[in-house]
Amino acid sequence: MAVTAQQRIQIEKTVDRLSDRLLDISHQIHARPEIGNEEFFASRTLIDLLEDFGFEVEKHISSYDTGFIASYKAEKEGPTIAYLAEYDALPGLGHACGHNVIGTTSCAAGIALKQVIDKAGGTVRVYGTPAEEGGVNGSAKAAYVKDGRFADVDVALMVHPGPDSYDTIPTLAVDVFEVEFFGKPAHASENPHDGINALDAMLQFYNGINAYRQQMLDTDRVHGVILEGGQAPNIIPEYTKARFFTRARSRRRLNSLTRRVKAIAEGAALQTGARMEFSFIQNGVDDFFINKKLDATFREAAESLGEQFSDDDFGFGATDTGNVSQVVPTIHPHIKIGSSTLIGHTQAFCEAAASAKADEALLLSAKALALTALTVIEDPELLDSIKATHKDVVEQQTFTDWSI
């Protein structure tokens with residue numbers, strides 16, 4: 001059964017009727033940026049919105065104080081639709097990735113779908129997902145996946161603001177970890193032979209990675225900074241710490257790369273006599289399993305609302321939505337909010353995320369997301385095809401032990 005004209009009108013009118021409140025919420029969150037795991041104002045504001053429209057909200061998801069899952073289940077059985085809401089900001093930049101738009105859009109889509117789901121059948125959920133930008137205990141979606149929070153979900157949907165409108169693109173898998181070296185202090189002039197230089201170990205590690213770059217795949221990335229390097233030149237450094245990212249096109253490849261980087265750190269410790277500790281500071285981020293059928297369903301909905309899409313290649317980033325995509329058919333398209341020269345994680349993008357164009361994109365995206373979900377609910381054959389596509393993509397992957 002196709003989406004009816006009446007259903008479509010109901011969805012569009014719901015978003016239009018709420019537009020003032022939705023845009024006010026987006027701008028409030030933009031004006032009060034909160035970094036990952038500190039999004040107390042943003043999460044509370046979005047929860048209040050959803051509770052006002054009859055959603056039952058579970059809070060503190062997977063030990064994340066700012067995480068939530070808002071749910072509404074129709075009496076009539078049907079698929080479970082998940083909307084992914086992000087709302088964390090970037091340190092020092094504010095909402096330079098537009099998460100104020102993302103979080104509000106997903107909540108608006110959930111509310112709009114709720115208006116028609118009683119007759120269509122199914123469950124609508126909005127997942128409040130902290131710390132997409134990473135950091136200590138970052139990438140909450142990965143924890144939700146590990147805890148089985150998506151086990152009964154049929155499709156997961158979200159839209160990201162961008163310089164142009166385009167389908168979901170490939171993303172990289174990412175590990176974020178810290179390497180610490182522990183040495184032994186000594187006077188650098190009087191008795192250096194009694195010391196163990198933790199800074200030497202760190203430099204050996206850093207240089208070892210640089211030497212390894214010659215053998216890395218072109219698509220591999222390793223980058224990091226030394227956070228602590230010693231206290232004074234006349235004291236043999238007893239402690240150093242660095243934070244590193246490794247990135248690769250697939251989780252399987254990334255596991256191999258991260259193991260190699262850890263081995264280089266172990267070698268540096270062996271060479272200098274220092275002790276090394278290697279620790280992940282956040283959840284690992286997985287590459288995106290793209291579902292072209294689900295992407296096409298969203299694109300058709302957005303184009304029916306007047307959006308124009310680009311087919312250009314926009315390069316590679318990373319998102320913990322990739323973790324969701326590995327267990328549930330998922331989309332992560334972009335909708336244009338400014339100039340095609342706009343670059344994420346910049347002051348210009350932060351300004352664009354509160355612009356009139358971003359407001360227009362928010363409302364259009366909410367309607368398109370609700371229409372996408374309703375199309376999937378009303379067309380069981382399409383949903384079966386989307387799930388079959390996801391199964392095929394998963395089966396093409398070769399997984400190994402994820403431990404390091």
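This is a predicted model: local features need pLDDT of at least 70, side-chain atom pairs count only at pLDDT 80 or more; totals for chains, interfaces and linings use all residues.
Residues are numbered from 1 along each chain as its sequence is written, and side-chain values rest on heavy atoms, with hydrogens and water left out.

Secondary-structure elements are DSSP runs numbered from the N terminus, with helices (H or I) of at least four residues and strands (E) of at least two. Five-stranded and four-stranded sheets are treated in turn. In the former, 5 strands are arranged in the order β1-β2-β4-β3-β5 as an open sheet with mixed pairing, two strands being paired if DSSP finds at least two bridges between them. Because β1 (56-61) and β5 (155-157) are edge strands with a single partner strand each, one side of each lacks a neighbour in the sheet. From one strand to the next, the twist averages 20 degrees; axes are lines fitted to C-alpha atoms, for helices over the stretch in contact, and angles between N-to-C directions run from 0 to 180 degrees. Strands β3 (residues 80-85) and β4 (residues 123-128) run parallel and are joined by 6 bridges. The bridge partner of Ile-81 in β4 is Val-124.

Strands β7 and β9 pair in the antiparallel sense over 10 bridges, and Glu-180 stands opposite Lys-241 in β9. Helix α6 lies across β7, β8 and β9, at about 15 degrees to β9. Helix α7 also packs on the sheet, touching β7, β8, β9 and β10, and its direction makes about 10 degrees with that of β7.

Helix α7 (residues 251-272) comprises 22 residues and spans 32 Å from its first C-alpha to its last, close to the expected 32 Å, which is 1.5 Å times one less than its number of residues. Its buried residues (under 20% relative accessible area, 1.4 Å probe, protein chains only) include Leu-254, Leu-257, Val-261 and Ile-264. The buried residues of α7 pack against β7 (173-182), α6 (198-212), β8 (221-228), β9 (239-248) and β10 (275-280). Gly-273, with a positive phi near 85 degrees, follows α7.

Thr-105 lies in helix α4 and is buried, with a relative accessible area of 2%. Beyond its neighbours within four places in sequence, Thr-105 contacts Leu-362, Ser-365, Ala-366 and Leu-369. The C-alpha atoms of Thr-105 and Val-159 are separated by 7.7 Å, although the residues are 54 apart along the chain. Both residues are among those lining the largest cavity, to which α11 gives the most, with 3 residues.

Key: Buried means under 20% relative accessible area, exposed over 50%, partly exposed in between (1.4 Å probe, protein chains only). Contact means heavy atoms within 4.5 Å. On a 1 Å grid over the protein atoms alone, a cavity is a set of points where a 1.4 Å probe fits but cannot get out, and a pocket is an open set with protein on both sides within 12 Å along at least five of seven lines; lining residues have an atom within 4 Å of a point.
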